[in-house]
Amino acid sequence: MKAIRAAQAGQGGAVSVACINKATVDLGVPFDKLTATLQKCYDQFFLPVWGYPLKLYNTNTPKPSDWQFVYFDDADTAGALGYHDLTKDGQPVSKVFVKTTLADKQLVSVTACHELFEMAIDPIANLWAEAADGTEYAYEMCDAVEEDTFPVDGIAMSNFLHPSWFEPFKHPPGTRFDHLGLLKKPFSMTKGGYVIVKKNGKVTENFATRAKEKRFAKEHRLGHRSEYRKPVGQGLRIEQAKRRAVR
């Protein structure tokens with residue numbers, strides 16, 4: 001008998017994700033190849049760890065029941081087209097801003113992989129893990145290791161965290177806290193990483209290095225999913241999202 005994973009059972013099976021390219025600039029990888037590589041990366045590396053199946057497909061007309069993964073030029077374009085937090089049918093939307101990514105000297109494939117992994121586990125950006133000192137860490141799969149990558153069929157993909165990273169207790173020797181095995185304990189970061197934390201109701205970012213903080217400050221963050229966690233009480237929530245749904 002085939003085992004049913006907890007997340008899979010909760011969702012009634014694999015979630016279909018409609019990939020839509022509304023960007024006017026080159027993604028750096030052909031759209032069909034990028035989607036295929038994201039699926040391969042997800043299935044081979046992310047799914048065995050997190051157990052949450054997704055099926056990506058390219059389309060111009062997504063099904064009402066499907067989540068959406070959309071490439072735009074920038075956040076202004078997304079806003080002009082009416083894309084916000086949820087679709088008009090109440091499903092999550094994840095957005096990749098291509099011009100913004102390129103302006104920040106980042107690869108679209110890495111940004112897309114980052115967003116896909118984070119959408120899969122925390123689709124409406126409202127989950128937190130509490131450390132022993134009471135600090136809460138956002139369930140963002142890639143932020144703490146976001147400048148570390150690995151290739152899949154020659155295309156750069158994003159490193160990602162393992163569930164153990166979010167567990168505030170002692171782990172046995174050899175425990176992996178991220179895919180590439182760079183981290184040694186929960187809530188830690190690589191040099192190119194940062195974390196979103198909440199303490200005493202205040203949401204802030206902590207950076208692994210001063211250099212990372214400076215790079216982060218230069219990034220265009222408008223429309224980024226993690227920004228919905230701030231300010232407290234006004235993040236991405238179901239009722240707010242419905243009021244701002246896709247037209």
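Modeller: Let's start with a term: a salt bridge is a side-chain nitrogen of Lys or Arg within 4 Å of a carboxyl oxygen of Asp or Glu. This is a predicted model, where local features need pLDDT of at least 70, side-chain atom pairs count only at pLDDT 80 or more, and totals for chains, interfaces and linings use all residues. Residues are numbered from 1 along each chain as its sequence is written, and side-chain values use heavy atoms, leaving out hydrogens and water.

Colleague: How many salt bridges does the count come to?

Modeller: Side chains of opposite charge can pair when their charged atoms come close. Applying the rule above, the count comes to 7 salt bridges.

Colleague: Which residue forms a salt bridge with Asp 153?

Modeller: The closest N and O atoms of this pair, Asp 153 and Lys 40, are 2.9 Å apart. Asp 153 lies in the loop between β7 and β8 and Lys 40 in helix α2, so the pair ties together parts that are 113 residues apart in sequence. Helices (H or I, at least four residues) and strands (E, at least two) are DSSP runs, numbered from the N terminus. The partner is Lys 40.

Colleague: Is Lys 212 buried or exposed?

Modeller: Buried means under 20% relative accessible area, exposed over 50%, and partly exposed in between (1.4 Å probe, protein chains only). Lys 212 meets Glu 147 in a salt bridge, 3.1 Å from N to O. With 1% relative accessibility, Lys 212 is buried.

Colleague: Which residues are linked in a network with Glu 147?

Modeller: Besides its bridge to Lys 212, Glu 147 forms one with Arg 215, at 3.1 Å between the closest N and O atoms. The linked residues are Glu 146, Glu 147, Lys 212 and Arg 215.

Colleague: How many disulfides are there?

Modeller: A disulfide is a pair of cysteine sulfur atoms within 2.5 Å. For Cys 113, the nearest cysteine sulfur, in Cys 41, is 4.2 Å away. The sulfur of Cys 142 is 6.2 Å from its closest cysteine sulfur, in Cys 113, which is too far for a bond. The count is 0 disulfides.

Colleague: How many residues does the largest nonpolar core have?

Modeller: A nonpolar core is a set of buried Ala, Val, Leu, Ile, Met, Phe, Trp, Tyr and Cys residues joined through side-chain atoms within 4.5 Å. Those with the most contacts inside the largest core include Leu 38, Phe 117 and Trp 165. Elements giving two or more residues to this core include α2, α5 and β9. The largest core has 50 residues.
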